[in-house]
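Look over the model, then read on.

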Amino acid sequence: MTISISSGFDSGNIRVLSVTDSAHGVRADLEIVTDHQSDFYQWFHFRLANAAGREVELRIVNCGSSAYPDGWKGYSARVSEDRENWFLADTDYADGVLTIRLMPDSNAVWIAYFAPYSMERHHDLIAWAASQPGVEHRELGLTLDGQPLDLLTIGDGPKKIWLYARQHPGETMAEWWMEGALERLCDEEDAVARLLRREATIYVVPNMNPDGSRRGHLRTNAAGVNLNREWHEPTMERSPEVKLVRDAMDASGVDFAMDVHGDEAIPAVFLAGFEGIPSLTEKQSRLYTHYRDTLAKRTPDFQTRLGYAVAGAGKANLSMSTNQVAERFGAVAMTLEMPFKDNDDLPDADYGWSPARSIQLAKDCLAVLAEMIAEV
């Protein structure tokens with residue numbers, strides 16, 4: 001049987017340069033394709049076929065000039081034969097080449113940068129959540145590729161909470177987080193959910209970038225635009241996803257917002273805040289610190305030592321959602337970052353950072369929010 005490597009499916013991304021099939025095993029040289037109309041690339045997702053029981057070496061040769069080359073050191077690719085369970089693959093990085101070694105048991109095996117979250121699964125999530133009691137679904141509009149941008153509204157309390165994810169489509173852990181958040185919020189027997197639904201109206205956008213997700217992009221939408229640099233002046237022609245969501249925020253108001261992401265290089269879960277916004281208040285700073293420190297106490301999968309540099313006074317980039325939302329609404333806003341690598345403080349040798357841990361983290365994040373909802 002001829003060895004095959006393909007990526008012509010939802011979120012697929014790889015280019016095959018060469019495949020050598022010999023008595024010693026299978027070796028393939030590959031490269032990641034850039035986002036459309038952009039220089040960004042790091043996300044890969046492809047299928048290897050007809051290699052059961054063979055030693056396979058997959059070399060992604062253009063990693064040295066990817067968007068975040070520092071992200072490859074200490075990183076392990078994910079591999080799955082059932083597309084449900086994604087294990088760490090034997091992976092190393094040297095001289096700009098990421099090498100993945102495996103010996104699959106079946107003739108179809110999938111390899112990805114992180115466990116994928118397909119648009120089909122997204123639609124299943126929307127269909128399930130929209131059918132739960134007390135949940136309202138609304139299509140905010142269409143993307144440049146004509147895909148729907150979905151908003152779920154839960155609860156009827158006075159506080160206005162916004163949760164949104166996957167502005168950067170390759171950061172699939174962000175939508176796994178959303179799945180966990182919706183599971184908890186839709187559980188009518190869950191005390192945290194009942195409290196939040198009574199005290200707040202919660203607006204959930206599980207996927208801010210459907211086009212980039214389906215196209216297999218790392219960071220941009222169908223026009224090659226980084227959505228998290230569009231929040232100061234979004235347009236329907238360039239960044240309709242941000243325009244539609246920000247307009248909905250303007251209509252509702254925002255008291256608390258969390259923008260959910262993944263980070264390529266830092267082996268930890270952390271928060272980024274809005275310290276440099278021009279109109280920063282003592283209350284905003286206090287509540288952000290309270291949330292961050294309480295989350296660190298609640299789960300060992302979160303920490304406060306590692307993270308991004310803090311902007312100086314008045315130096316915040318208002319094109320980024322957390323800064324724009326905090327400045328625009330006086331809200332407590334934050335960016336949650338999860339690793340592509342692992343939480344090095346609490347590593348998992350089989351799965352690394354995983355969908356299951358992303359789901360659980362979401363539930364812990366909501367529990368912290370419930371503890372302080374009256375102060376927001």
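## Fold and overall size

The chain has eight helices and 17 strands. The model is predicted. Its C-alpha atoms fill a box of roughly 65 × 45 × 45 Å along the principal axes.

How does the radius of gyration of the chain fit that of a compact globule? For 376 residues, a compact globule would be near 21 Å; the chain has 21 Å, so the two agree.

## The seven-stranded sheet

Seven strands form an open sheet with mixed pairing. The order is β11-β12-β14-β13-β15-β17-β16. Which strands stand at the edges? They are β11 (135-142) and β16. Each has a single partner strand, so one side of each is left without a neighbour in the sheet. From one strand to the next, the twist averages 25 degrees.

Strands of a sheet pair through backbone hydrogen bonds, and the pairing can be parallel or antiparallel. Here, β13 (residues 159-165) and β14 (residues 200-205) run parallel. Six bridges join the two strands. K159 has A200 of β14 as its bridge partner.

α6 lies across β15, β16 and β17. Its angle to β17 is about 30 degrees.

## The largest pocket

Rolling a probe the size of a water molecule over the atoms shows where empty space is left. The largest pocket has a volume of about 690 Å³. It is lined by 38 residues. Closest to its centre are F270, A272, Y308, A309 and M320.

Which elements give two or more residues to this lining? The strands are β15 (256-263), β16 (270-272) and β17 (332-339). The helices are α6 (282-298) and α7 (321-329). The edge strand β16 is thus named both in the sheet and in the pocket lining. By class, the lining of the largest pocket has 15 nonpolar, 14 polar and nine charged residues.

## The second largest pocket

The second largest pocket has a volume of about 270 Å³. Its lining has 13 residues. Which of them are the closest to its centre? They are R83, P116, Y117, S118 and R121.

The lining of the second largest pocket divides into five nonpolar, three polar and five charged residues.

Terms used:
Residues are numbered from 1 along each chain as its sequence is written. This is a predicted model: local features need pLDDT of at least 70, side-chain atom pairs count only at pLDDT 80 or more; totals for chains, interfaces and linings use all residues. Side-chain values use heavy atoms; hydrogens and water are left out. On a 1 Å grid over the protein atoms alone, a cavity is a set of points where a 1.4 Å probe fits but cannot get out, and a pocket is an open set with protein on both sides within 12 Å along at least five of seven lines; lining residues have an atom within 4 Å of a point. Grid points are joined across faces, edges and corners, and a volume is the space filled by probe spheres set on the points. Helices (H or I, at least four residues) and strands (E, at least two) are DSSP runs, numbered from the N terminus. Ala, Val, Leu, Ile, Met, Phe, Trp, Tyr, Cys and Pro count as nonpolar, Asp, Glu, Lys and Arg as charged, and the others, Gly among them, as polar. Two strands pair if DSSP finds at least two bridges between them. Axes are lines fitted to C-alpha atoms, for helices over the stretch in contact, and angles run from 0 to 180 degrees between N-to-C directions. Contact means heavy atoms within 4.5 Å. The radius of gyration is taken over C-alpha atoms; the globule rule is 2.2 Å times the number of residues to the power 0.38.
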